[in-house]
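Please look over the model shown here.

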Amino acid sequence: MNLLVIGAGYAGLITAICFANNGNRVYVYDKIKEKLDKLKASETPFFEENLASNLDKAISSNNLTPVYNLSEGFEKAEIIFICVATPCKENGIDLSQLYSVCEELAPLIKSSSSRKIIVIRSTVIPGTTIAFTKKLEELSSKKYPQDFGVIANPEFLRQGDAIQDFLNHNKVIIGSENEEDAKTLKQLYEPLERPIILLSTKTAEMAKYVNNCLSATKISFINEMGLIAKEFDVDINEISQALDLRVGPGNFPLKAGCGFGGSCLEKDMRALLAVAHKENSPSILLESTISVNDSLPIRMVNNLENKLGPLERRKIGILGLSFKRGTDDIRNSRSVPIIIELKRRNATIFAYDPKATEKMKSVFSEISYCETAQELIDKSEAVVILADWEEFSDLDYRDKIILDGRNVIPKAKRGKNYEGVCWP
Ligand SMILES: NC(=O)c1ccc[n+]([C@@H]2O[C@H](COP(=O)([O-])OP(=O)(O)OC[C@H]3O[C@@H](n4cnc5c(N)ncnc54)[C@H](O)[C@@H]3O)[C@@H](O)[C@H]2O)c1
């Protein structure tokens, strides 16, 4: 099929590349021209595991074409995916990027002789697809469903495993009020042989929130259980394994650690909380899930202080700056509040990440960045591990104080100065 993806960020680019490598003809458009220049040159605009080789394949097969003009992609596409950001704002969700795409699409829909299906892939509050459809009718003077289609098709990928998730793990949720459109989108996904679930638009939109809130709640739950178990010198990770606790649509093992980060979980919970509050339906559970997560960075810094005494001028190494392995994304990374707190306590901070150093330099230019993990260990008195990059499991940690936030050091390699954030 011929597709247009609007927004070449983490979600949009994965969608575009995976569909292109699945034999579709995909056009990708972003308002940031430099991103398109990079894509044209087969360069990734950000790091994601396996993205470079997949981008290369998509560009060299001519199945992926960056376009600098929305109308160019629009004319060629049968299905248009909207993958722009939907950040959180104080009183809910900021849909301004989505509605500016609506305004840009309206004149194209108005003058188009062929019927297009628009797919909202961004995470949006229930009811948004219906409101978007009405706005598009109003702006284009065309009618849904005869002149165009609108579908909700939330993205469930996990950064760091995004390509694998898109191709193998995740369910496909298609929310549509129109059976024919749902069938068309189903046909696009069928070659991937993933379970496809058809729902209404509102239900599909809500499903994404339920998924993310459940994942976050399970993570805070296991972390809190871990903190209690640690008091008894019990390792929660053994219990998690014994009980076969799992998380996410891919059913991945639930691991304790220093909390969830990334662009989505907290943002989506806060958006839902704001809406729930407006509807007079507050959620104590979601508030607590966020509180548990927020408490962990301070707890870790306090932990260091218990071991080292006052942290002023003490040399602390932060190993892992991205919010997890496999990505250079530092949005809501646990390393940010920890660095802020260490700075507040006047610690001397060293930092290392295999991929995210440049991004972190733009947030904290004043801390010292190391070229290698080993350099960081050698320069630090205590090392805090905050991302689960594989290389961190096999380093020579000497006899340094280690606070492991991701359970990356195998039991056999843990020294006497090792401690887990919520396991002994
Ligand atoms: N990042 C994830 O892992 C993930 C996973 C599932 C769902 N989502 C959801 O997907 C959506 C996108 O998230 P993201 O992380 O990819 O965001 P992002 O900020 O990385 O990417 C958004 C892109 O949209 C572009 N854009 C904005 N307005 C535009 C316009 N008018 N025309 C063309 N391009 C425009 C931006 O330049 C940017 O490149 C969000 O709703 C998010 O909640 C993200």
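Glu-358 sits in helix H14 (residues 357–361). Helices here are DSSP runs of H or I with at least four residues, strands are runs of E with at least two, and both are numbered from the N terminus. The model is predicted: local features need pLDDT of at least 70, side-chain atom pairs count only at pLDDT 80 or more, and totals for chains, interfaces and linings use all residues. Residues are numbered from 1 along each chain as its sequence is written.

Is Glu-358 buried or exposed? Glu-358 is exposed, because 12 other C-beta atoms lie within 10 Å. The cut-offs are 20 or more such atoms for buried, 12 or fewer for exposed, and partly exposed in between, with C-beta atoms placed from the backbone. Tyr-369 is eleven residues from Glu-358 in sequence, and their C-alpha atoms are 9.5 Å apart.

**The sheet**

Six strands form an open sheet with parallel pairing, in the order E15-E14-E13-E16-E17-E18. Two strands pair if DSSP finds at least two bridges between them. Strand E15 (368–369) and strand E18 (418–420) are at the edges; each has a single partner strand, so one side of each lacks a neighbour in the sheet. Strand E16 (residues 382–385) and strand E17 (residues 401–404) run parallel and are joined by four bridges. Val-383 has Ile-402 in E17 as its bridge partner.

Helix H13 (residues 335–344) lies across E13 (315–319), E14 (348–352) and E16, at about 170° to E13. Axes are lines fitted to C-alpha atoms, for helices over the stretch in contact, and angles run from 0 to 180 degrees between N-to-C directions.

**The domains**

The domain assignment gives domain 1 (2–199) and domain 2 (210–420). Such bounds come from an automatic or database assignment. The domain centres, taken over C-alpha atoms, are 32 Å apart. In all, 21 residues of domain 1 contact 19 residues of domain 2. Contact means C-beta atoms, placed from the backbone, within 7 Å. On the domain 1 side, strand E6 (92–93) and helix H7 (162–169) each give two or more residues.

**The ligand**

Of 26 residues around the ligand, Gly-7, Gly-9, Tyr-10, Ala-11 and Ser-122 come nearest. A residue counts as near if its C-beta atom, placed from the backbone, lies within 6 Å. Helix H1 (10–20) and helix H5 (96–111) each supply at least two shell residues.

Residue classes compare as follows.

Key. Contact = placed C-beta atoms within 7 Å.
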